[in-house]
Amino acid sequence: MKQTDNWTSKAVVAELRTLGTEENRAGLARFGIDASRAFGVPMSVLRPFARRIGKSPELAQELWESQYHEARLLAILITPPKAMTADRASRWLEDVQSWDLCDQLTNVLARRKDSDQLVLVYADDDREFVKRAAFALIASRAVHAKSAPDTEFLNHLELIRNAATDDRNFVWKAVHWALRQIGKRSKDLHGAALAVAEDLQSAEDRTARRVGREAVRELSSEKIRTRLGVV
């Protein structure tokens, strides 16, 4: 999709100022997001705005460099998967300090065929949001990487098991998110993921137990079992 208007980064930021509200800006803090450079524009407004702008990796880079929170969310939304290269994603992750930017970025990155190669790279980085990116990427690929083989996700289960003791809020939540999404991807993966979740549920570590408990609750539900055809 090409740009529908001659948007500049300055014009986009000016528009964002008019779209934000103090109420929404204050609400960001309740979700653990730093609002010091935010306008208070919700995703329900940003997504149609991104469609108005159209895809533009060049404008996206300018918006990212503005450092405004919603401008960076827009930057991600107007970057096509083919332009969300490993280099761009990793450079942007250097600046990420919120779960929403992390998750939106990995959501786009997951649509790249080769993005699974970044999972181990990010998981080996101890910075909270880079490490979160590894598991957010697994979760997103479990949904969007339709042609990826099940073996890709089976190989990540041990990584998930090892990271389940990381008690940082934005890491452990991404770890159990990844485990749940793997278990919901296919009937075969369901059994393997549920087995890991059940093991973690009985672990000595408190955070691992919480990860396991959250995953077991969803993967054992009648809704998921029925959809996957699990007896």
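Trainee: At what angle do α3 and α5 pack, and how far apart are their axes?

Mentor: Happy to start there, keeping in mind that this is a predicted model. Two packed helices are described by the angle between their axes and the distance between the axes. For α3 and α5, the axes lie 10 Å apart and the packing angle is about 50°.

Trainee: Are α3 and α5 parallel, perpendicular or oblique to each other, and which residues make the contact?

Mentor: Angles under 35 degrees count as roughly parallel and 65 to 115 as roughly perpendicular. With an angle of about 50°, α3 and α5 are therefore oblique to each other. The contact joins M43, L46, R47, F49, A50 and I53 of α3 to E70, L73, L74 and L77 of α5.

Trainee: Is the crossing of α3 and α5 left-handed or right-handed, and which hand does the crossing of α1 and α3 have?

Mentor: Let's take the two pairs in turn. The α3 and α5 crossing is right-handed. Where α1 passes α3, the crossing is right-handed.

Trainee: How are α1 and α3 oriented to each other, roughly parallel or roughly antiparallel?

Mentor: Their axes come within 12 Å and cross at roughly 150°. Angles over 145 degrees count as roughly antiparallel. α1 and α3 are therefore roughly antiparallel.

Trainee: Which residues of α1 meet α3, and which residues of α3 do they meet?

Mentor: Good follow-up on that helix pair. From α3, the partners are V45, L46, F49, R52 and I53. On the α1 side, the residues are V12, E15, L16 and L19.

Trainee: Why do the buried residues of α1 line one face of the helix?

Mentor: The buried residues of α1, which spans residues 9-19, are S9, V12, V13 and L16. An α-helix has 3.6 residues a turn, so residues three or four places apart point the same way. Seen down the axis of α1, the buried residues line one face because they fall within an arc of 95°.

Trainee: What do the buried residues of α1 pack against, and which exposed residues sit on the face turned away from them?

Mentor: The buried side packs against α3 (43-53), α4 (57-65) and α5 (69-77). The face turned away from that buried side carries the exposed residues K10, R17 and T18.

Trainee: How many of the 11 residues of α7 are buried?

Mentor: Helix α7 runs over residues 99-109 and is mostly covered. Its buried residues are D100, L101, C102, D103, Q104, L105, T106, V108 and L109. The count of buried residues in α7 is nine.

Trainee: What is the phi of Q67, and where does Q67 lie?

Mentor: Most residues other than glycine have a negative phi, and most peptide bonds are trans. Q67 has a positive phi and is a residue other than glycine. Q67 is partly exposed, with a relative accessible area of 46%. Its phi is near 75°, and its place is the loop between α4 and α5.

Trainee: Is L179 buried or exposed?

Mentor: L179 belongs to helix α12. Leaving aside neighbours within four places in sequence, its contacts are L157, I160, A193, V196, A197, L200, A215 and L219. One of these, A197, is 18 residues away in sequence and 7.6 Å away in space, C-alpha to C-alpha. With a relative accessible area of 0%, L179 is buried.

Trainee: How do α13 and α14 lie relative to each other, oblique or roughly antiparallel?

Mentor: The axes of α13 and α14 (residues 206-219) come within 7 Å and cross at roughly 140°. That makes α13 oblique to α14.

Trainee: What is the hand of the α13 and α14 crossing?

Mentor: The residues that meet here include H190, A193 and L194 in α13, and A208, R209 and V211 in α14. The crossing of the two helices is left-handed.

Trainee: Which backbone nitrogen lies 3.2 Å from a polar side-chain atom of S186?

Mentor: S186 sits in the loop between α12 (169-185) and α13 (187-201). S186 is buried, at a relative accessible area of 16%. Beyond four places in sequence, S186 is in contact with D150 and L228. The backbone nitrogen in question is that of L189.

Trainee: Which backbone oxygen lies 3.4 Å from a polar atom of the R185 side chain?

Mentor: R185 is in helix α12. Not counting residues up to four places away in sequence, R185 touches R141, A142, A145, K146, A148, D150, F153 and L228. The backbone oxygen belongs to R141.

Note on methods: Residues are numbered from 1 along each chain as its sequence is written. This is a predicted model: local features need pLDDT of at least 70, side-chain atom pairs count only at pLDDT 80 or more; totals for chains, interfaces and linings use all residues. Side-chain values use heavy atoms; hydrogens and water are left out. Helices (H or I, at least four residues) and strands (E, at least two) are DSSP runs, numbered from the N terminus. Buried means under 20% relative accessible area, exposed over 50%, partly exposed in between (1.4 Å probe, protein chains only). A polar contact is a pair of N or O atoms within 3.5 Å; within protein, one must be able to donate a hydrogen and the other to accept it, and residues adjacent in sequence count only if both atoms are side-chain atoms. Contact means heavy atoms within 4.5 Å. The arc is that of the directions from the helix axis to the C-beta atoms. Axes are lines fitted to C-alpha atoms, for helices over the stretch in contact, and angles run from 0 to 180 degrees between N-to-C directions. A crossing is left-handed if the near helix is turned anticlockwise from the far one by less than a right angle, and right-handed if clockwise.
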